[in-house]
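The following paragraphs lead through a protein structure step by step. Keep the sequence and the 3D view open while reading.

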Amino acid sequence: MEILNDLFAWFADPAQWTGSSGIPARMGEHVYYSLLGLLWSAAIAIPLGLLTGHTGVGGFLTASLANLARALPTIGVLFLIVLAAGIGLVPVLCALVALAVPPILVNTHEGVRGVEPRLRDAAFGMGMRGHQVLLRLELPVAVPLILLGARTAAVQVVATATIAAYVGVGGLGRYIVDGQARQDLTMMLAGSLLVVLLAVLTTLLFAGLRRLLVAPGLRAEAAAVR
Amino acid sequence: MIFDAWDWIVRVTDWGVANWSHPGEPDRGILPRLLQHMRLSYLSILLGLAVALPMGLACARWKRLYPPVLTGVNVLYAVPSIALFFLMLPYTGFSDWTAIVPLALYTLVILLPNVVDGLRQVPDHVRQAAVAMGFGQLRRLVQVEMPVAVPVIIAGLRVASVATISMVSVASLVGLGGLGQLILSDGFRRQFDAPIVVGIVLTVVLALVTDAALVILQRLLTPWSRRDGGGPSRGDRPAVVPSGAVAAAGGPESANTVGASSTGGEAVETGPGNTRGKERTWRS
């Protein structure tokens, strides 16, 4: 249990809580990279998924591409872009986007496609145009599934943003990388704990988002999705 | 521009061919790294499945066990892999276990829900028929419930294997990692792009080949599900067919949806419940 005492001592040290390498600063950097990566991914994946889901065109291509992207080794993508573009935020963001797009894209696509044909027929029968059906019916019905994909993506992004430290950028990964370099187990452990904490907070955030964004009529069904 | 790209492809391919393996030096070259990559990822997946099956059985039987176990597995999944590899080092050193144990733990987040859902979606009338035929608990589990759950479990295995194969590379930071070694030590540390590209391409190819092998395995294990031929195409979906049915008949198209292929088949009979299968997409 010595390690627990060390951990307490590490967190209790006031030096950890101030300055550009303090916990608040590192946490802020980590949140910033994760948020940026996630927003870019959502900006790419959600419109694309809505489009392929609504038209039914390119569904197979989307699924294949998403599968392919999921197989990409993140550090390979990161290192390759670092070689091409140099150290900085761009390679980290590219790696995170490559990681986060597939789950959001697949879930958006399947969410739109999973809308009951009866509902769609009813919407068209009411005289809605294609884009109205998409935005007023298919998107709201798909929201629970989209959020689920985004949550998976977010947890992966938060855990993976640690690699930013490997290419000289900040974030909570610094504790893990520097701890490894200094053979400081406590520091590594503390860094990992902070990442886990952030991931748990992310999950809670998505629980809140679901409460906010899912239409009231869909909540009973959304509860089944969890 | 196009010629540049072509030159680059030729250069990378040349490097790959020239360094495939070095006779006399079994540790150098691409092939040994590929073999290590396969060993690490397959052992992790098998270990994960070996843990997920009994755990899933327990969770399906004692329902109260499931939520806390699932939460625990999810929290574990949030631990960054780099950290977990480093934290394993004091206990397992530079043996394969340093990579295998964390990777196996990560597969649980996909495998466990699929095992539980697979067992839970065995229709009640099937279970009752087995009881009525005089099947004991164990025989019912092995001969009826497990086979019915196979498609869902394999759907989970497919997602887990692709994820694991791409994640093995991270273990290169602790000196393991198969093709990740190629990416890190031959490529990044020497500022040389060819090994990185070869590493990425081979990782993706390995993932796709493994995925295809699992599809074939599922066909062999569940010969009764092979009845459908082409199935309706995605574009002109007749309104009466629930969307789940398309996923079931669509073969490779349903590849991405965890559990969709099996529950989609169920949806054909149950009608309004057709969204159930879709909801399993990417749950974690």
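This is a predicted model. Begin with its largest nonpolar core, which has 115 residues. The residues with the most contacts inside this core are A:Phe79, A:Val167 and B:Phe86. Which element gives the largest share of this core? It is H5(B), with 12 residues.

B:Phe86 is one of the buried residues of H4(B). Helix H4 of chain B covers residues 81-92. At 1.5 Å a residue, its 12 residues should span 16 Å. The expected span takes 1.5 Å times one less than the number of residues. The end C-alpha atoms are 16 Å apart, which agrees with that expectation.

Is this helix enclosed or open to the outside? Nine of the 12 residues of H4(B) are buried, so the helix is largely enclosed by the rest of the structure. A residue counts as buried when its relative accessible area is under 20%. The buried residues are B:Ser81, B:Ile82, B:Ala83, B:Leu84, B:Phe85, B:Phe86, B:Leu87, B:Met88 and B:Leu89. Their cover includes helix H8 (173-181) and helix H9 (185-213) of chain A, together with helix H5 (97-120) and helix H7 (137-167) of chain B. After H4(B) comes B:Gly93, whose phi is positive, near 60 degrees.

Now turn to chain A as a whole. Its secondary structure comes to 10 helices and zero strands. Of its 226 residues, 52% count as buried. Among the contacts in chain A with a separation of 6 or more, 73% are between residues 24 or more positions apart. The accessible surface of chain A comes to about 9,900 Å², and 70% of this belongs to carbon and sulfur atoms.

A:Ala66 lies in helix H3 (residues 59-71) of chain A. With a relative accessibility of 4%, A:Ala66 counts as buried. A:Ala66 and A:Val106 are 40 residues apart in sequence, and their C-alpha atoms are 7.0 Å apart in space. The second example is A:Arg26, in helix H2 (residues 23-55) of chain A. Is A:Arg26 buried or exposed? Its relative accessible area is 12%, so A:Arg26 is buried. Not counting residues up to four places away in sequence, A:Arg26 touches A:Ser20, A:Ser21, A:Gly170, A:Gly171, A:Leu172, A:Arg174 and A:Tyr175.

A:Tyr175 leads on to the aromatic rings. A:Trp10, A:Phe11 and A:Tyr175 form one aromatic cluster. Over all chains, the count comes to six aromatic pairs. In one of them, the rings of A:Trp10 and A:Phe11 have their centres 5.1 Å apart and their planes at 90 degrees, so this pair is edge-to-face. A:Trp10 counts as buried at 9% relative accessibility, whereas A:Phe11 counts as partly exposed at 23%.

In chain B, B:Trp15 and B:Phe192 form an edge-to-face pair, with 6.0 Å from centre to centre and 85 degrees between the planes. This pair links distant parts of the chain, 177 residues apart. B:Trp15 lies in helix H1 (residues 2-18), and B:Phe192 lies in the loop between helix H8 (179-188) and helix H9 (193-221) of chain B. B:Trp15 counts as buried at 16% relative accessibility, while B:Phe192 counts as partly exposed at 28%. Another ring in chain B has a charge over it: the charged end of B:Arg139 sits over the ring of B:Phe135, 4.1 Å from its centre.

The loop that holds B:Phe192 also holds B:Gln191. B:Gln191 has a positive phi of about 55 degrees although it is not a glycine. With a relative accessible area of 56%, B:Gln191 is exposed. In chain A, A:Gln183 lies in the loop between H8 and H9. A:Gln183 has a positive phi of about 55 degrees, and it is not a glycine either. A:Gln183 is exposed, with a relative accessible area of 68%.

Definitions and conventions: Residues are numbered from 1 along each chain as its sequence is written. Chains are lettered from A and ligands numbered from 1 in the order in which they are written. This is a predicted model: local features need pLDDT of at least 70, side-chain atom pairs count only at pLDDT 80 or more; totals for chains, interfaces and linings use all residues. Side-chain values use heavy atoms; hydrogens and water are left out. Helices (H or I, at least four residues) and strands (E, at least two) are DSSP runs, numbered from the N terminus. Buried means under 20% relative accessible area, exposed over 50%, partly exposed in between (1.4 Å probe, protein chains only). Contact means heavy atoms within 4.5 Å. Rings of Phe, Tyr and Trp (its six-membered ring) pair if their centres lie within 6.5 Å; planes under 30 degrees apart count as stacked, over 60 as edge-to-face and the rest as tilted. A charge sits over a ring if NZ of Lys or CZ of Arg is within 6 Å of the ring centre and within 35 degrees of the ring normal. Accessible areas come from the Shrake-Rupley method with a 1.4 Å probe; for residues, only the protein chains shown count as cover. A nonpolar core is a set of buried Ala, Val, Leu, Ile, Met, Phe, Trp, Tyr and Cys residues joined through side-chain atoms within 4.5 Å.
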